[in-house]
Amino acid sequence: TVRGSPMGSPASPALCAMVVAVNEQMWIESYRHILQPSSLFFRTRYVDNRLMFVPKRLLQLQCMQEVLSPEFYQAPIILEDEPGCQFLGFDVKLAEKHIVFCLPKDTDEFLHANSASTTATLLSSFSARILTAKKNCFPDSEFHKAADALVAMFQQCGYQVPLLTATVESIVKRADTLCVELH
């Protein structure tokens with residue numbers, strides 16, 4: 001189920017992320033012994049929107065009923081079902097158990113490589129999309145497809161492939177290092 005809760009204040013994302021992270025960490029610690037190995041399900045979250053792939057056999061467990069409840073995070077954060085199979089710029093392919101990055105329709109929203117900005121600013125849109133794809137694509141083969149497609153799109157905007165490839169490699173290395181540190 002794809003669930004989310006709209007929040008309006010500019011401070012809401014940070015505040016909400018702190019609250020939900022604490023709730024999730026307490027839940028994980030409480031049920032770690034039941035949910036091992038951790039590869040049994042995939043989950044990702046952005047602020048209070050979250051997506052979980054859970055084997056049907058686990059859905060009967062009380063701990064899963066708890067985490068899937070709309071009130072899991074406690075009021076005023078109430079999760080709502082999201083219509084369709086899209087999650088924050090990704091298509092959720094339930095039958096294939098894939099999460100696929102939705103590419104932008106065109107390159108109008110990207111700064112051209114010749115724009116008057118620093119390299120970091122020029123690459124910020126690319127880097128953000130690569131990091132988001134790395135965190136949310138599933139399985140990892142979907143990330144590689146997304147990264148290749150994004151490199152091709154930014155190449156159309158005048159960016160050099162070696163610079164884009166180095167950026168992808170750097171982000172992947174940092175993300176992989178962070179995953180190792182968290183486990």
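Colleague: Why are α3 and α4 called roughly antiparallel to each other?

Modeller: The axes of helix α3 (residues 119–136) and helix α4 (residues 140–156) cross at roughly 165°. Angles over 145 degrees count as roughly antiparallel, under 35 as roughly parallel, 65 to 115 as roughly perpendicular and the rest as oblique. α3 and α4 are therefore roughly antiparallel. The axes are lines fitted to C-alpha atoms, for helices over the stretch in contact, and the angles run from 0 to 180 degrees between N-to-C directions. This is a predicted model, in which local features need pLDDT of at least 70 and side-chain atom pairs count only at pLDDT 80 or more, while totals for chains, interfaces and linings use all residues. Residues are numbered from 1 along each chain as its sequence is written, and side-chain values use heavy atoms, with hydrogens and water left out.

Colleague: What else describes a pair of packed helices, besides the angle between their axes?

Modeller: The distance between the axes is also used. For α3 and α4, the axes come within 9 Å. Their crossing is right-handed, a term for the near helix being turned clockwise from the far one by less than a right angle, anticlockwise being left-handed.

Colleague: Which residues make the contact between α3 and α4?

Modeller: On α3 they are Ser125, Phe126, Arg129, Ile130, Ala133 and Lys134, and on α4 they are Asp140, Phe143, Ala146, Ala147, Leu150, Val151 and Phe154. Contact means heavy atoms within 4.5 Å. By class, nine of these residues are nonpolar, one is polar and three are charged. Ala, Val, Leu, Ile, Met, Phe, Trp, Tyr, Cys and Pro count as nonpolar, Asp, Glu, Lys and Arg as charged, and the others, Gly among them, as polar.

Colleague: Why does phenylalanine 154 count as buried?

Modeller: Buried means under 20% relative accessible area, exposed means over 50%, and partly exposed lies in between, with a 1.4 Å probe and protein chains only. Phenylalanine 154 has 0% relative accessibility, so it counts as buried. Phenylalanine 154 is placed in helix α4 and touches Phe110, Ser125, Phe126, Tyr159 and Leu164, leaving aside residues up to four places away in sequence.

Colleague: What makes asparagine 23 buried?

Modeller: The relative accessible area of asparagine 23 is 13%, so asparagine 23 is buried. Asparagine 23 belongs to helix α1 (residues 12–35) and touches Phe72 and Tyr73, again not counting residues up to four places away in sequence.

Colleague: Is lysine 97 buried or exposed?

Modeller: Lysine 97 has a relative accessible area of 56%, and is therefore exposed. Lysine 97 lies in the loop between β6 (90–93) and β7 (98–101). It has a positive phi of about 60° although it is not a glycine.

Colleague: Why do β5 and β7 stand at the edges of their sheet?

Modeller: The open sheet has three strands in the order β5-β6-β7, with antiparallel pairing. β5 (86–87) and β7 each have a single partner strand, so one side of each is left without a neighbour in the sheet.

Colleague: How many helices and strands does the protein chain contain?

Modeller: There are five helices and seven strands. Helices (H or I, at least four residues) and strands (E, at least two) are DSSP runs, numbered from the N terminus.

Technical notes. Two strands pair if DSSP finds at least two bridges between them.
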